[in-house]
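Take a look at the fold below.

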Amino acid sequence: MQRVTISLSDELAQAFDELMARRGYSSRSEAVRDLLRRELGEDNLAGESGGPCVAVLSYVFDHHERQLSSRLTGLQHDHHDLAVATMHAHISHDDCIETVILRGDSVEVERFARSVIAETGVRHGHVQLIPAAPATPSPMMYRKQSR
Ligand code: NI
């Protein structure tokens, strides 16, 4: 563990304390560690080379929009190797919210997530990539391979 001392202007220190309070941090050190982890993780995954990641994709859409529901389901089936799980909630008469857990190479995950977000009628699209160890084969795959 290393101790790092940093200097902040009064304004930046106050803004940081307000951010900490809004996000429920009681320790400046933990808040700085989380900010650094997020920046470093996103920076590592931003490269062309990719790397294993998990991701959370979320978006809102109007289920009355022509064929949009089936297009979104179709996209997930086309990438069933990346889309681990999807949760759907009806948030009003018109609107639905979906969150999709993704896992795979960060370049492929990001490309898929961006294609979903770019669909006409998809709003408030957001994807967060998190560095992760590669997926290990499931017990079911082990059984298939051992036969
Ligand atoms: Ni719905």
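Asp 62 has Asp 95 in β3 as its bridge partner. Strands here are DSSP runs of E with at least two residues, helices are runs of H or I with at least four, and both are numbered from the N terminus; two strands pair if DSSP finds at least two bridges between them. This is a predicted model, where local features need pLDDT of at least 70, side-chain atom pairs count only at pLDDT 80 or more, and totals for chains, interfaces and linings use all residues. Residues are numbered from 1 along each chain as its sequence is written, and side-chain values use heavy atoms, with hydrogens and water left out.

β3 also pairs with strand β2 (residues 83-90), again antiparallel, through 7 bridges. His 90 sits opposite Cys 96 in β3, and a hairpin of 4 residues links β2 to β3. Step back, and the chain has 5 helices and 4 strands, in the order α-α-β-α-β-β-α-β-α from the N terminus.

Now for Leu 45, which lies in helix α2 (residues 28-45). Leu 45 counts as buried because its relative accessibility is 9%; buried means under 20% relative accessible area, exposed over 50%, and partly exposed in between, with a 1.4 Å probe and protein chains only. Beyond its neighbours within four places in sequence, Leu 45 is in contact (heavy atoms within 4.5 Å) with residues including Cys 53, Ser 106 and Pro 131. Pro 131 is 86 residues away along the chain, yet the two C-alpha atoms are separated by 7.1 Å.
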